[in-house]
Amino acid sequence: MVEDIFPGRAISLDDALELRRLQRGVISITCEIDDNTALKLVSQLDYVVGLNIIPIRLEIMSPGGEIYSALAMYDVIARCGRPTEGLV
């Protein structure tokens, strides 16, 4: 567990690494795209936009998934108003 990011609260190493990547403006999608993945992307994108990081980098290593969830993700990314880079 890593405790130096949130003092007094232990988080897993995976969560700590994900947070550090978000703080650099990198959002990774590594699982099948569904409604839960879309909701997670929205919260991560809100966090990165709040940090005022430009450009936002999306790393997509997904096997596929639901088209409506993917289109929702596309709409949110397009409306965030920030330059984005994609790595598929």
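How exposed is Ile60, in terms of relative accessible area? Ile60 has a relative accessible area of 28%. Buried means under 20% and exposed means over 50%, so Ile60, at 28%, counts as partly exposed.

That value comes from a predicted model, as do the others in this report.

**Overall layout**

The protein has 3 helices and 3 strands. Along the sequence they follow the pattern α-β-α-β-α-β. The C-alpha atoms fill a box of roughly 40 × 25 × 20 Å, taken along the principal axes. There are 88 residues in the protein, and buried residues make up 27% of them.

Ile60 sits in strand 2, which covers residues 56-60. Asp46 belongs to helix 2. Ile67 is part of helix 3, residues 67-79. The table gives the exposure of each residue.

| Residue | Relative accessible area | Class |
|---|---|---|
| Ile60 | 28% | partly exposed |
| Asp46 | 55% | exposed |
| Ile67 | 53% | exposed |

Why do Asp46 and Ile67 count as exposed? The cut-off for exposed is over 50%. Asp46 has 55% relative accessibility, so Asp46 passes that cut-off. Ile67 has 53%, so Ile67 passes the cut-off too.

**Contacts across the sequence**

Ile60 pairs in space with a residue from another part of the chain. Ile60 and Ser28 are 32 residues apart in sequence. Their C-alpha atoms are 5.9 Å apart. Asp46 and Val76 give a second case. They are 30 residues apart along the chain, and 9.8 Å separates their C-alpha atoms.

**The surface patch**

Which residues make the nonpolar surface patch of about 380 Å²? Ile67, Tyr68 and Leu71 make it. Ile67 is the exposed residue of helix 3 already listed in the table.

**The largest pocket**

Rolling a probe the size of a water molecule over the atoms shows where empty space is left. The largest pocket has a volume of about 270 Å³. Its lining has 15 residues. Glu18, Ser28, Thr30, Lys40 and Gln44 lie nearest the centre of the pocket. Helix 1 (13-23), strand 1 (26-29) and helix 2 (35-50) are the elements that give two or more residues to the lining. Which element gives the most? Helix 1 does, with 5 residues. By class, the lining has 7 nonpolar, 4 polar and 4 charged residues.

Ser28 is among the residues nearest the pocket centre, and the C-alpha atom of Ser28 lies 5.9 Å from that of Ile60.

Notes. Residues numbered from 1 in each chain as written. Predicted model: local features only at pLDDT ≥ 70, side-chain atom pairs only at ≥ 80, totals over all residues. Heavy atoms only, no water. 1 Å grid on protein atoms, 1.4 Å probe; cavity = no way out; pocket = protein on both sides within 12 Å on 5 of 7 lines; lining within 4 Å. Points joined across faces, edges and corners; volume = space filled by probe spheres on them. Helix = DSSP H or I, 4+ residues; strand = E, 2+ residues; numbered from the N terminus. Nonpolar A, V, L, I, M, F, W, Y, C, P; charged D, E, K, R; others polar. Patch = residues over 30% accessible without salt bridge, like charges linked within 9 Å, V, L, I, M, F, W, Y side chains within 5 Å. Areas by Shrake-Rupley, 256 points an atom, 1.4 Å probe, with all protein chains shown as cover. Salt bridge = Lys/Arg side-chain N within 4 Å of Asp/Glu carboxyl O. Buried < 20%, exposed > 50% of the residue type's maximum accessible area, 1.4 Å probe, protein only.
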